[in-house]
Amino acid sequence: MFATTPLRVVAVSAGLSQPSSTRLLADRLAAATRERLTAEQDRDGRDVEVRVIELRDLAVDIANHLVSGFPPAGLREAIDAVTEADGLIAVTPVFTASYSGLFKSFFDLIDHTALTGKPVVIAATGGTARHSLVLEHALRPLFAYLRAVTVPTSVYAASEDWGSSGDEYTEGLPSRIRRAGGELASAVLGRTVSGASRALGLDDGEDAVVPFEQQLADLRLD
């Protein structure tokens with residue numbers, strides 16, 4: 001029996017404090033994605049590997065790389081893990097109505113074609129719900145520039161969201177996490193929840209990304 005390559009999900013957390021609500025959100029999104037992938041992969045026995053990268057531990061290396069152009073081994077390994085992942089979770093705290101400088105600096109080090117076609121969940125944490133639009137005006141354009149495919153559901157967690165179960169008009173944080181994790185799992189498995197197929201060929205590139213019009217046609221809503 002031939003061994004199968006595990007599915008790899010990488011979560012990037014740009015939280016600075018310890019403990020960090022940003023890391024907690026990354027962990028929960030990773031767990032939701034793993035749960036859905038594991039359930040889907042039980043039939044063929046393919047493993048699911050999840051890794052969380054803490055950017056706070058790489059802050060000095062990131063700054064040195066921006067100046068010198070030479071990444072230390074630990075940073076190089078983290079960049080490789082992100083670019084080789086089957087699915088990516090990107091979580092940042094909100095600083096001055098945008099992503100943090102540490103978050104942006106890390107993704108500045110990634111080649112602008114290295115994430116082409118890769119499914120991504122974008123998420124952010126902040127003290128107030130007023131900053132939730134950072135997902136749409138900052139994070140989604142960033143990953144569009146990197147040619148990644150962001151899943152439809154993004155997750156913002158304000159301070160009051162932790163422990164909230166929602167109400168009849170809104171979904172609580174746990175429900176949004178499960179939805180986003182499920183969408184990422186489906187995209188990793190090539191089920192075009194986000195509209196872009198992961199069944200890419202050997203010559204992956206710009207032509208391998210499904211056009212926006214086709215994304216709209218393929219989009220399936222619950």
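**Notes on the salt bridges**

1. Let's start with Asp57 and Arg56, which form a salt bridge whose closest N and O atoms are 3.7 Å apart. The term means that a side-chain nitrogen of Lys or Arg lies within 4 Å of a carboxyl oxygen of Asp or Glu. Asp57 counts as exposed, at 55% relative accessibility, while Arg56 is partly exposed at 31%. (Buried is under 20% relative accessible area, exposed is over 50%, and partly exposed is in between, with a 1.4 Å probe and protein chains only.)

2. A quick word on the model: it is predicted, so local features need pLDDT of at least 70 and side-chain atom pairs count only at pLDDT 80 or more, whereas totals for chains, interfaces and linings use all residues. Residues are numbered from 1 along each chain as its sequence is written, and side-chain values use heavy atoms, with hydrogens and water left out.

3. Next, look at helix α4 (residues 101-108), where Lys104 and Asp108 sit 4 residues apart, about one turn of the helix. Their salt bridge has its closest N and O atoms 2.6 Å apart. Lys104 is partly exposed at 26%, and Asp108 is partly exposed at 44%. (Helices are DSSP runs of H or I, at least four residues; strands are runs of E, at least two; both are numbered from the N terminus.)

4. Now for Asp161 and Arg176, whose side chains meet in a salt bridge (3.7 Å, N to O). This pair links distant parts of the chain, 15 residues apart: Asp161 is in the loop between β7 (155-158) and α6 (173-188), and Arg176 is in helix α6. Both Asp161 and Arg176 are buried.

5. Finally, Arg23, Asp27 and Glu54 are joined in a network of salt bridges. The structure has 8 salt bridges.
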